[in-house]
Amino acid sequence: MAKQRGKHDQNFDHLVEKFEEKIYGTIKGEWRLKLLQEDLQALHQNVPLDIWDAGCGLGQMALWFAKKGHRLTCNDISYKMLEKARSVFDANGAKADFFKAPAQEVAASLPQQDLVIFHAVIEWLAKPMETLEVVSARVKPGGYLSLLFFNYHSFVYRNTLRGEWHLPFVLDESQWYGKGKKLTPPHPQKPEVLVLWLKSHGFSIEQQTGIRVFHDYMSEEVVDKSDIETLMALEYKYCRESVYASMGRYVHLLARKDKGGIPRETRTPS
C-alpha cells in the first residue's frame, strides 16, 4: 500500500531524475542557486566552518562549501540522491561525511555546527516544526541556520490566479493535505510564522530573500514572449524587498543564533 503524501517524511528515490530535470536543470533552479549563494557568500568566504547539510539532496550547496575547504556533514533519506551527491563530490575531489538517515537521527549524535543548511526539506516532513526544533538546536551560539522553504502564500496566490476548479480547492484548506502534483510539497510554510518561531528560539533574521517573486505567477506563454534577462533583472531588483520577499515561490531565511543562546521574549506561533 502506497504511503499517503504528507503523512511521512518524503523519500525522493523514485523522483531523482525528475528533480534533476524539473528543478535543478532549469533557469528556475539556476536562479535559486544564485540567490542562495549570494545570501551565504560571507560564510562561504569565512575560515573553514563545520557545516551540516540536513537533507542534502544532490549536494549542490554542500559541494560549493566543500570546495572552499569547509567541513561538511551531509545526510538524506534518499539513497539515490545521496549516491549522486557522493559521485559529484568524488568527481570534484571534495570530501564530506555522508549518512543515509533522517535529520532527526543524525542530529542526535552531531555536535553543534557553525552553519546548518535546511533547504527545501521542512515542507516535505510529516512533523515540520518538531523537526525544525531538532535541527535548529544543532546550531552553535553565534552560528547560522540557512532555511529555505516552499511558500504557503505563493501556493495560495498562484492557484487563485489559475481560477476555475482551483478556487474552491484553495478556499478549503483541508483539501491541501497530501494533495497536488508529486513535486508540490504537502506542507507549505508561512514566512511570518517561521520568522516569529526563529526569534522565539533565540535567532535573529539576517536576510530574507524571495526566490522567483514574479516568474512563477506568469503563464508559460507570457514567459516565452518575455525577455528573460529583463525578467531576471526585475526578480533581482525586488527579491529582497520585504513585501516581495514574502511572495517568492520559495523563501530563504538566513538566521543567526544569539551567542547567549537565550530565547527571545517572543510568543511562539501556534
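Reader: Why are R212 and D216 both called buried?

Author: In this predicted model, buried means under 20% relative accessible area. D216 has a relative accessible area of 5%, so D216 falls under that cut-off and counts as buried. R212 is buried as well.

Reader: What makes the contact of R212 and D216 a salt bridge?

Author: The side chains of R212 and D216 meet at 2.9 Å, N to O. The limit is 4 Å between a side-chain nitrogen of Lys or Arg and a carboxyl oxygen of Asp or Glu, so the pair qualifies.

Reader: Why is the pair D216 and R249 also called a salt bridge?

Author: The N to O distance between the side chains of D216 and R249 is 3.8 Å. That is within 4 Å, so the name applies here too.

Reader: How do you know that D216 and R249 link distant parts of the chain?

Author: D216 and R249 are 33 residues apart. D216 lies in the loop between β6 (203-211) and α11 (220-225), and R249 in the loop between α13 (242-245) and β7 (250-257). R249 has 9% relative accessibility, which is under 20%, so R249 counts as buried.

Reader: What makes K34, E38, D39 and R240 one network?

Author: Salt bridges that share partners join these residues. The structure holds 9 salt bridges.

Reader: Why is D39 called buried?

Author: D39 has a relative accessible area of 11%, which is under 20%, so D39 is buried. D39 sits in helix α2 and touches Q207, T209, R240, H252 and L254, leaving aside residues up to four places away in sequence.

Reader: How do you know that the side chain of D39 makes a polar contact with the side chain of T209?

Author: The distance is 2.7 Å, and the cut-off for N or O atoms is 3.5 Å. The side chain of D39 also makes a polar contact with the side chain of R240, at 2.9 Å, which is within the cut-off too.

Reader: Why is D114 called buried while K140 is called partly exposed?

Author: D114 has a relative accessible area of 17%, which is under 20%, so D114 is buried. K140 has 26% relative accessibility, which lies between 20% and 50%, so K140 counts as partly exposed.

Reader: What makes D114 and K140 a salt bridge?

Author: Their side chains meet at 3.2 Å, N to O, and the limit is 4 Å. The pair links distant parts of the chain: D114 is in strand β4 (residues 113-119) and K140 in strand β5 (residues 139-150), 26 residues apart.

Reader: How do you know that β4 and β5 pair?

Author: Pairing needs at least two bridges. β4 and β5 have 6 bridges, so they pair, and they do so in the parallel sense. V116 stands opposite L145 in β5.

Reader: Why are β3 and β6 called edge strands?

Author: The 7 strands form an open sheet in the order β3-β2-β1-β4-β5-β7-β6, with mixed pairing. β3 (97-100) and β6 each pair on one side only. From one strand to the next the twist averages 15°.

Reader: Which strands does helix α2 touch?

Author: Helix α2 (residues 27-39) packs on the sheet and touches β4, β5, β6 and β7. The direction of helix α2 makes about 155° with that of β6. Helix α7 (residues 128-136) lies across β1 (50-54), β4, β5, β6 and β7, and runs at about 145° to β5.

Key. Residues are numbered from 1 along each chain as its sequence is written. This is a predicted model: local features need pLDDT of at least 70, side-chain atom pairs count only at pLDDT 80 or more; totals for chains, interfaces and linings use all residues. Side-chain values use heavy atoms; hydrogens and water are left out. Helices (H or I, at least four residues) and strands (E, at least two) are DSSP runs, numbered from the N terminus. Buried means under 20% relative accessible area, exposed over 50%, partly exposed in between (1.4 Å probe, protein chains only). Axes are lines fitted to C-alpha atoms, for helices over the stretch in contact, and angles run from 0 to 180 degrees between N-to-C directions. Contact means heavy atoms within 4.5 Å. A polar contact is a pair of N or O atoms within 3.5 Å; within protein, one must be able to donate a hydrogen and the other to accept it, and residues adjacent in sequence count only if both atoms are side-chain atoms.
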